[in-house]
Amino acid sequence: MELCDYPAYQLVGMIRRKQVSAVEVLESALKRIGEVDGCPGQLDGNNQIEPDKIHSFITLTPERARSQAQKVDHAIAAGEDPGGLAGVPFTTKDIYCVKDTLTTAGSRILSNFTSPYTATPIERIEAQGGVLLGKVNQDEFAYGSSSESSAFLPTPRNPWNTDCVPGGSSGGSTAAVAVGEGCFSIGTDTAGSIRQPAAFCGVIGVKPTYSRVSRYGLIAFGSSLDCPGPITRNVQDAALVLRIISGADPKDSTAANLSVPNYLSELQTPIRGMRIGLSPDYFKITYLDAQSGEIQQEDIPAIMKDAVYRAAGRLAEMGADIVEDVPMQQTRYGIPAYFVISRVEAASNLHRFDGVKYGYRTRQAVSDVHEMYRKSRAEGFGLQPKLRILMGMYVSAAQYSEQYYLRALRVRTLIRQDFNEIFDPKGKYRLKALLTPTTPTTAFRMGDIYGDSVLMQYADQLTVPANHAGIPGISIPAGFDLQGLPIGVQLLGNDFAESELLRIAYAYEKVTEEDEWRTRKPPILTK
Amino acid sequence: MTEPISPELFSHLVSLAALELSNQESEYLRQQLNNQLKAINELADIPLDPNIPPALHGIQYSPAFRPPIRGDFWQPSELADSILEQAPEVEERFIIVPDIPHQDLE
């Protein structure tokens with residue numbers, strides 16, 4: 001086990017006690033990147049190059065990182081407090097602005113954008129001594145569930161099988177964390193973009209309550225849905241990082257003005273007596289069959305369902321009360337409503353990219369500013385942003401908005417009501433959490449779904465209801481399928497109940513720590 | 001079955017979106033939009049009580065945690081130069097754009 005494989009919560013102690021220096025930890029992480037990552041994504045790059053590497057990064061920042069690590073070591077030598085993440089290497093999805101770094105959101109239109117300021121979650125981590133290794137790849141503007149839509153090629157690959165996608169849109173983040181390229185990464189979750197790739201890569205992904213973490217400095221996708229959150233290899237690190245990035249922010253008027261619990265210390269509280277629900281509505285998927293044009297419904301693969309029941313059984317061993325047959329009937333409407341709401345918000349947010357103030361401007365001769373807008377956007381955006389802009393325009397047009405946009409917002413209320421009922425402390429179910437599969441399947445092969453925008457969206461069917469409802473969710477590893485790909489299970493909780501979800505996740509981690517599957521490592525690390 | 005987004009309507013959307021598309025892109029994007037609309041049309045079949053309000057956010061912003069409105073006062077910023085550095089074309093601290101067509105208002 002190399003230094004870069006240690007959990008963040010242990011490294012902080014080791015660095016503070018001078019058992020190891022922050023610079024040594026950093027060099028270990030950089031060495032790992034050199035061994036497994038291959039070339040970083042680049043514009044007009046070759047997606048077939050080095051197919052056995054991970055390709056998490058767009059931009060590596062080793063010199064910046066060395067300077068940060070040295071600062072931590074100097075602070076410790078001087079007897080100063082180096083911070084709660086002293087010397088811990090991490091990465092961030094390239095959708096976060098970080099001062100003086102390239103911030104692309106995986107898009108050509110931002111391929112030359114150097115951010116003049118730093119996003120609040122990243123600023124808070126760096127203020128606590130975190131060492132930024134670099135910016136990792138993602139779906140373009142976070143529009144996708146496989147990371148294949150990035151303009152920066154090669155796109156990230158799944159560390160458990162590099163022929164498979166790492167999931168998305170935070171696929172660079174989850175792939176990096178899975179192989180020790182940093183202890184954690186900060187992703188974003190608009191429909192499942194933290195939890196789904198976390199499940200595919202066998203790591204932990206937390207989507208906090210909407211408003212728990214400031215969105216300042218995050219390049220916006222769906223402003224009523226976007227949630228920044230941590231991706232880690234263990235629950236304690238998730239608790240540690242979540243506490244640091246959470247809390248009110250004068251720069252984000254939607255960030256909740258609530259005190260932040262000490263998630264890490266609360267992990268020790270037993271889960272005995274906590275009511276955890278299972279819903280049949282999360283064991284099936286409803287989707288549009290492209291061939292027939294009909295809505296189809298089918299059970300998820302047995303191996304995914306079995307993983308949830310096995311996890312429920314282990315949690316019951318720890319004293320949780322498992323409540324079956326919890327109805328969540330609106331789950332199936334999450335995707336159709338999301339197709340509308342997210343597109344309207346995305347189209348609105350993408351209108352700022354026009355070749356005027358920053359980012360890409362066409363080099364073609366133009367007759368006027370309107371032609372410059374059109375050509376810059378046509379050349380700068382990939383197909384997925386274009387698709388979202390066009391759909392957003394359509395469903396929010398005056399003559400259709402009642403039929404589509406307003407209706408989708410009202411369906412969102414129904415989705416929320418499902419959760420209100422099951423978490424109501426005086427209601428029939430009185431749940432502390434709902435336990436579900438994170439995804440309908442394990443990781444799919446690269447190229448298998450990309451291009452079919454409808455099927456790709458259904459990869460988020462079990463995660464998107466939490467985004468509509470604003471509630472927190474966490475995906476945790478729960479074994480492997482027969483092909484050796486990770487399976488994730490998801491815990492969903494009431495508003496601001498991150499602490500309870502983390503406690504359940506931690507209890508599960510402890511009770512399964514001797515299981516054979518916990519000892520497995522991504523094959524790329526054993527080559 | 002008639003496709004809801006015809007080539008003519010699609011061209012109008014492209015214009016509203018301030019885009020220019022190749023024929024190949026247009027064909028793919030229009031097909032995907034019509035496929036997505038089939039999925040979206042599931043919304044029409046959902047029974048909705050007239051009293052169900054739209055939800056702009058999932059969570060309810062209660063006074064207990066809604067942030068106070070920030071004071072409206074002037075603050076200095078040191079970012080002006082670095083922001084200007086990002087502009088594709090600048091002259092004497094003005095951002096330069098191609099001609100802006102003028103239209104007389106009636």
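**View 1. Helix α3 of chain A lies across strands β2 and β4.** In this predicted model, helix α3 spans residues 62–77 of chain A and runs at about 160° to β4(A), which comprises residues 131–136.

**View 2. An open, eleven-stranded sheet in chain A has mixed pairing.** The strand order is β2-β4-β3-β6-β8-β7-β14-β15-β13-β9-β12. Strands β2 (57–60) and β12 (321–323) of chain A stand at the edges; each has a single partner strand, so one side of each is left without a neighbour in the sheet. From one strand to the next, the twist averages 30°.

**View 3. Strands β3 and β6 of chain A pair in the parallel sense.** Three bridges join β3 (residues 89–93) to β6 (residues 184–189). Within this pairing, A:T91 is found opposite A:S185 of β6(A).

**View 4. A salt bridge joins A:R66 and A:E27.** The closest N and O atoms are 2.7 Å apart. Because A:R66 belongs to helix α3 and A:E27 to helix α2 (residues 22–36) of chain A, the pair ties together parts that are 39 residues apart in sequence. A:R66 is partly exposed at 25% relative accessibility, and A:E27 is partly exposed at 30%.

**View 5. A:R64 and A:E126 meet through their side chains in a salt bridge.** The N to O distance is 2.7 Å. This contact ties helix α3 to helix α4 (residues 120–127) of chain A, the two residues lying 62 residues apart in sequence. A:R64 is partly exposed, with a relative accessible area of 25%.

**View 6. A network of salt bridges links A:D5, A:K31, A:R32 and A:E35.** Between A:K31 and A:E35, the closest N and O atoms are 3.2 Å apart. Both residues lie in helix α2 of chain A, four residues apart, or about one turn of the helix.

Terms used
Residues numbered from 1 in each chain as written. Chains lettered and ligands numbered in written order. Predicted model: local features only at pLDDT ≥ 70, side-chain atom pairs only at ≥ 80, totals over all residues. Heavy atoms only, no water. Pairing = 2+ DSSP bridges. Axes fitted to C-alpha atoms, helices over the stretch in contact; angles between N-to-C directions. Contact = heavy atoms within 4.5 Å. Salt bridge = Lys/Arg side-chain N within 4 Å of Asp/Glu carboxyl O. Buried < 20%, exposed > 50% of the residue type's maximum accessible area, 1.4 Å probe, protein only.
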